[in-house]
Amino acid sequence: MRLSKSEKIGQIIIVVMLALLCVSVIYPFLYMMAISLNEGSDAAKGGVYLFPRSFTLINYEIVLGNEVIRHSYLITIARTVIGTITGLIVTLLVAFGLSYKGLPMRRIIMTYILITMLFSGGLVPFYIQLNNLGLVNTFWVYILPGMFSVWNMFVMLKFIQGIPEALIESAELDGAGPLRTLLQIIIPLSKPMLAALGLFTAVGHWNDWFSGAFYVTDQSLIPVQTFLQQLLSASDLSAIFGSNINQEAIARNSMTQSTTLMSIKMTVVMVSALPILCVYPFLQKYFVKGVLIGSVKG
């Protein structure tokens with residue numbers, strides 16, 4: 001179909017706006033990468049925007065060679081993997097149970113769950129509750145409180161309710177119980193939605209710095225995002241790294257003064273952001289399909 005002049009102008013405007021949006025998202029990332037790959041003392045002079053002017057890997061050697069950061073990475077990876085798996089299991093089980101219209105007190109349970117989504121007790125009561133449960137300053141403070149998401153449960157519930165009832169009834173007539181129905185029918189059909197919710201949950205766990213900053217005082221339990229938050233508010237490297245800074249990496253560099261706090265900050269940002277970004281390409285098709293499911297009826 002031939003487009004009218006006004007339609008062509010509208011498409012050009014849309015393309016220009018999307019291009020500007022992409023630039024606004026990509027440029028900060030490229031800027032941080034350029035600073036992280038540039039000598040800190042040289043970057044402090046200014047003029048480094050898209051490409052490193054004085055290329056070096058000393059910043060990455062210091063960051064990746066630091067024991068504190070490596071341990072915080074293990075904490076982040078562990079909480080992301082365990083939190084995502086347990087969160088999906090609990091969300092799926094609750095949604096599957098509530099999908100049965102004959103469930104006793106189903107309406108009351110759903111109303112109670114909805115109230116917890118709309119209202120909360122606040123930070124102080126929540127902290128007191130975590131302390132009474134013995135979760136403060138433990139690894140499980142990252143897992144148990146976020147194991148159940150009301151929003152994800154309702155999304156999963158709507159998806160399960162969209163599965164034809166005849167398919168579930170035929171399985172029940174063949175002698176399948178609830179567990180077999182869940183494992184052989186619901187889960188295989190729910191892979192796109194589980195992938196989308198799993199991605200959301202994993203990103204939430206990976207990017208969370210709040211829990212480590214407020215519920216954990218043991219530095220051996222802080223995740224990498226909390227470490228980054230502490231680093232961004234630090235005035236010098238020794239305040240965070242202490243004696244654990246990789247002196248061997250600095251000694252191999254001819255310019256011992258080339259590393260600055262800003263270059264280390266940018267390097268930690270890059271190192272903490274790249275792993276979760278690498279997950280998106282592998283889940284992209286499931287993510288798009290899971291988000292679009294149910295948007296079109298016909």
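Let's start with the largest pocket, which has a volume of about 840 Å³. This is a predicted model, where local features need pLDDT of at least 70 and side-chain atom pairs count only at pLDDT 80 or more, while totals for chains, interfaces and linings use all residues. Residues are numbered from 1 along each chain as its sequence is written, and side-chain values use heavy atoms, leaving out hydrogens and water.

A pocket here is an open set of points on a 1 Å grid over the protein atoms alone, where a 1.4 Å probe fits, with protein on both sides within 12 Å along at least five of seven lines; lining residues have an atom within 4 Å of a point. Volume is the space filled by probe spheres set on the points, which are joined across faces, edges and corners.

So who lines the largest pocket? There are 33 lining residues, and F126, P145, G146, M147 and F148 lie nearest the centre.

Next comes the second largest pocket, at about 310 Å³. Its lining includes F96, Y100, K101 and E165.

Now look at D42, which sits in helix α2, residues 40-43. D42 counts as buried because its relative accessibility is 13% (buried means under 20% relative accessible area, with a 1.4 Å probe and protein chains only). Leaving aside residues up to four places away in sequence, D42 touches V48, R53 and S54 (contact means heavy atoms within 4.5 Å).

Methods. Helices (H or I, at least four residues) and strands (E, at least two) are DSSP runs, numbered from the N terminus. Buried means under 20% relative accessible area, exposed over 50%, partly exposed in between (1.4 Å probe, protein chains only).
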